[in-house]
Amino acid sequence: LKPDNVMISGGRVVLTDFGLARPAQGETLTQTGAVLGSPAYMSPEQARGAGVDERSDLFSLGTLLYELCTGRVPFSARDPLATLLLIAEGRYPPPEQLNPQVGRELAKVIVGLLATDPKQRFQRAEEVVTALEALLEPLALGAPRDALARYFETPGEFNREVVAEVIKSSLGRAEDAVTQRRFAEALACCDRVLAFEPRHERALALMGELTAQGRGPWRWVFVAGAVLLLLLGGLGIWR
């Protein structure tokens, strides 16, 4: 799976070009030391010429999702061999680090697809569908196929609709998280809102509340540390 093989036809996403598909009982994806395929979109096991199954395609799907969300592939180096080494080691910047609009939930799906060990990835495409549908459900965009068709018809209007729903959903989750004292989650949700709308008043107000609530515990930690240092110093003097 790679961008060149993903086509749009009649409002549908279509996969093309299975020229390099590997049969269940056939030769590997390497011949005379040469690697066949696009290195940046290969799974670790495919790059090694090892046995592959549907989980290799799911890894490539993770690479596609990462690129869609950040504008770059997760594994890229000065030459194909160096790229394959990065893939084998599983080293890449977190997607939400490159684009805060991604959000933790979608980033978690991408990371689950890009696991170096196939056993640690999503095991079946149906699992990925379920995870992505769960992300879309709060946005109230309707059936994914219908939403996709609307996007292709009027992308600008659709994007504005999605952004409005993402902000609304993230803000609601942030407020719930504050109520339940899940401050890290609340901060992450506020960060996502501000990534879309940096001057969003309610998100900024929540951030202020979270910052104020966070000062108390840290202040006492510093006080306790100062007292401890004084006590240690006093013990040193008495000795």
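Contact here means heavy atoms within 4.5 Å. Helices (H or I, at least four residues) and strands (E, at least two) are DSSP runs, numbered from the N terminus. This is a predicted model, where local features need pLDDT of at least 70 and side-chain atom pairs count only at pLDDT 80 or more, while totals for chains, interfaces and linings use all residues. Residues are numbered from 1 along each chain as its sequence is written, and side-chain values use heavy atoms, with hydrogens and water left out.

**View A. Helix H7 against helix H8.** H7 (residues 144–153) packs on H8 (residues 155–179) at an angle of about 130°, axes 5 Å apart. Axes are lines fitted to C-alpha atoms over the stretch in contact, and angles run from 0 to 180 degrees between N-to-C directions. The pair is therefore oblique; under 35 degrees counts as roughly parallel, over 145 as roughly antiparallel, 65 to 115 as roughly perpendicular and the rest as oblique. On the H7 side, Ala-147, Arg-150, Tyr-151, Phe-152 and Glu-153 meet Pro-155, Phe-158, Asn-159 and Glu-161 of H8.

**View B. Helix H5 against helix H6.** Here H5 (residues 104–113) and H6 (residues 125–136) pack at about 170°, with axes 10 Å apart. That makes the two roughly antiparallel. Glu-105, Leu-106, Val-109 and Leu-113 from H5 touch Val-128, Ala-131, Leu-132 and Leu-135 from H6.

View C. Strand S1 (residues 6–9) pairs with S2 (residues 12–15) in the antiparallel sense over four bridges; pairing takes at least two DSSP bridges between strands. Met-7 has Val-14 as its bridge partner, and Ile-8 has Val-13. Two residues sit between the strands, and Gly-10 takes a positive phi near 60°.
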